[in-house]
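I opened the model to go through its chains, domains and contacts one at a time. My notes follow in the order in which I looked things up.

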Amino acid sequence: MHSPRTAYWFLAPALILYLAFVAVPIAQVVGYSFFSWDSGQLDQFVGFANFARLGTDSVFWAALWHNAVWVVLTLAFPLLAGLLLSAILAERRPNTVRALAAIYFIPRTIPLVVAGIIWGWIYNPIFGLLNYGLDILGLGQFAHAWLAEESTALFSLNVVGAWTFFGFCVVIYLAAIQSIDPSLYEAADIDGAGWGAKFRDITVPLLRNSTLFLGLYAAIEAMRFFDLIWVTTQGGPGYATEVLTTHVYKTFFLVGDFGYAAVLSVVLLVIVLSLASLSFWLLRSR
Amino acid sequence: MKRIAVVATIGLSATQVAAETVVTQWDQFSQAGITAAGPAMDELIQTCAPALGGAEILRTVAPSIGIRDSYRLAVAAGKTPDLAYTWPAASVLSGYARTGALAPLDEYYAEYGWEHVNDFYRGRNSYDGSLYGVPMEQDLMGVYYNEALFEEHGIAVPTTYDEFVAAANAFKEAGVVPIAFGNRDRWPATNTFSLILGLTAGKQVEEDVFFRDTPWTNEAFLQAATVFQDWAEDGWFPRGFNGVGYDEANALFLSGRAAMTITGTWVIQDMIRGSDNIALGVFMLPPIADGVAPGTMWGEGSQWQLSASADEATREAAAAYLDCLVSDESQRVWVQKGYTVPIGTTPEELAEWGAHPVVHSFFEQGLATPESNFYDLHTTLPESVTQVLYPELQRLAGGDTTPEEFLQAMQSAWEAAVANGDRWIP
């Protein structure tokens, strides 16, 4: 038998790395939030004055709202589409399942920066494929400057986010469906249940953990994403696609207000950690 | 940054600095795009090496748009490069001067003269009575136009604002985009609006706002904001201009699908290179409001600045090298190899050195009004105000806010910046 102290020795390397690259930087950011900065240089201790600015920062509240909308839209569309597609796909032949799952998963492998560039071209108001397609179909009156109008920009970007995420949902759901005991479906068939009834009463309830995982994963990702917005709209037009991460970036890198940027980062960190904790607790409790 | 310790004896002149001295240099002179003066910089590093007195240049090229952000991080990390060519001057430069990150350059101005830097540029590179930057490039705003399209539609180059309005409307009627304008990158509208503002309010009113207590919500600024919004609402810009990139807008113009584009000399080399399919011309936008003098927006592009943390030998070497970079002899290299026109270069010199006719025309017109040339907003305002200006101009042009609301938002940001001590006054 080894003493507990021996275990700590084995844990030490990982713990030191964690402290050096996670705990200390977080503590540093928290510390920065209590100071004012001038042109990138530490100025003076200001207590909670930087935090008090949150209340009157309309861009912060707009960004928070956009993050919340993004979470809801992500939960509404990619998850639902992924669930339905995987349920349909699961009944096909194994080769078909493998091929289609791979195809659906391809957008997930594309970096968001690249996805942003691709969709930036699709949405481009001058030479964009989407408006061109609408014109060809005689639907030119529905053409928009998709990313350049406040009314369409956030939703249009969310479509890109959904495009990159739904394939991931399909793969996760597919794996979960294939682990469901086939005898449940056979029993339902004997009872005369149709596809809809089996989906509603067997598939959906038994995918609860997967749905929970995907939902919380999507929510956390929705708070963290940055690259897609930055390469397409930089938070514009106006503040229409501003999210917390772009607000942090602008405040830190462009304005040089390191103290307030640290406050925004702390808020973002608290939200993401809360979601992660909720996720951990819910998944552990089942 | 400083890799090698300086061993020069205190009091030695720049030409006697020991060979161990390394001057770290950050600049933005790349081989293409905005400020594509890389070939000139490469040559001048060789040419000016003797001025270093044995010291060496350790050069880093950073993207022109991003260099200001990289520089701020370097300052924050205590790694300020010894010599940097970055932007903007005015508020941002004075912020670094105020916090002691930059070395004052008064003694070098006295030693080397640098008389080509006029009072306007000296003011933009000063803080609290001392000079902290040596501006080099001369940036002007103007209207690039497609001569063939103007001729085809029987439109003469406008000499009054009414003629400009008539020309833009005529192109619109003819199905030609009047002004190739793309503002996805957020900053191009700032330049366009700066030009409109200067030609509507004039330099004096601008200075009353920037340096004194006149609010942004004054009548002249309101007229300028209204004009800018009218340009957008009248369909002078391409569809979805807030979703069109700056480069895409330039490409639209160079492809012959737009009659004009309003931008600066910082992209003149790309305009010339890309103008194979069009006949490129330049004119200055005429005054918009009655009683306002002709002029254009001008600035220094970027400026050379020295780190306060550099030791004396390094600063001496860097200043001597800088004197070479901005010398009369080097001006010609910047023009011929870098398509960049240094401050102090005359139109006559441009003609003598064989500058492209468009370059000559642009600077001849832009430099004809030195007394009334005015300010570029996003290199003049504090960064906190600029970051409000960018989105608010998108909203103004997009019709999502009124001119009054736009100016009120600017006034609020301005008051906060002034209260924070961020305002620059020359």
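I count helices as DSSP runs of H or I with at least four residues, and strands as runs of E with at least two. The coordinates I am reading are a predicted model.

**Entry 1. Chain A overall**

I looked up the secondary structure of chain A and found 14 helices and 2 strands. I then took the extent of the C-alpha atoms along the principal axes, and chain A fills a box of roughly 75 × 75 × 30 Å. Of its 286 residues, 35% count as buried. I also checked how far along the sequence the contacts of chain A reach. Among those between residues at least 6 apart, 70% join residues at least 24 apart.

**Entry 2. The contact between the chains**

How many residues does each chain give to the contact? I get 23 residues from chain A and 26 residues from chain B. On the chain B side I noted four helices that each supply at least two residues: α2 (67-76), α3 (90-98), α10 (246-254) and α16 (383-397). Helix α16(B) gives the largest share of that side, 6 residues. By residue type, the side of chain B that touches chain A divides into 9 nonpolar, 9 polar and 8 charged.

**Entry 3. Domains of chain B**

The domain assignment of chain B lists domain 1 as 14-138 + 300-345 and domain 2 as 140-298 + 359-419. I find their C-alpha centres 29 Å apart. The contact between them takes 14 residues from domain 1 of chain B and 15 residues from domain 2 of chain B. I sorted the domain 1 side by type: 9 nonpolar, 5 polar and no charged residues.

Nonpolar side chains tend to be buried together in soluble globular proteins.

Leaving out residues up to four places away in sequence, A318(B) touches V23(B), D82(B), L83(B), L306(B) and A310(B).

**Entry 4. A helix pair in chain B**

I picked helix α1 (residues 38-47) and helix α13 (residues 328-338) of chain B, which pack at an angle of about 145° with axes 7 Å apart. The crossing of α1(B) and α13(B) is right-handed. From α1(B), the residues in the contact are P39(B), A40(B), E43(B) and L44(B). They meet S330(B), V333(B), W334(B), K337(B) and G338(B) of α13(B). I make this contact 5 nonpolar, 2 polar and 2 charged residues.

**Entry 5. Backbone exceptions**

Most residues other than glycine have a negative phi, and most peptide bonds are trans. I looked for exceptions to both.

The peptide bond from G236(A) to P237(A) is cis, with omega near 0°. P237(A) sits in the loop between α12 (227-232) and α13 (244-255) of chain A. In chain B, a cis peptide bond joins W87(B) and P88(B), with omega about -10°. I place P88(B) in the loop between β3 (83-86) and α3 of chain B.

For positive phi, I noted D128(B) at about 55°, although this residue is not a glycine. D128(B) is in the loop between β4 (126-127) and β5 (130-131) of chain B. R186(B), also a residue other than glycine, has a phi near 80°. I find R186(B) in the loop between β8 (177-179) and α8 (188-210) of chain B.

**Entry 6. A loop glycine**

Last, I checked G78(B), which lies in the loop between α2 and β3 of chain B. G78(B) counts as exposed because it has 10 C-beta neighbours inside 10 Å. I took one distance from it: the C-alpha atoms of G78(B) and L93(B) are separated by 17 Å, and the two residues are 15 apart along the chain.

Definitions and conventions: Residues numbered from 1 in each chain as written. Chains lettered and ligands numbered in written order. Axes fitted to C-alpha atoms, helices over the stretch in contact; angles between N-to-C directions. Left-handed = near helix turned anticlockwise from the far one by under 90°. Contact = placed C-beta atoms within 7 Å. Nonpolar A, V, L, I, M, F, W, Y, C, P; charged D, E, K, R; others polar. Domains from an automatic or database assignment. Buried ≥ 20, exposed ≤ 12 C-beta atoms within 10 Å, placed from the backbone.
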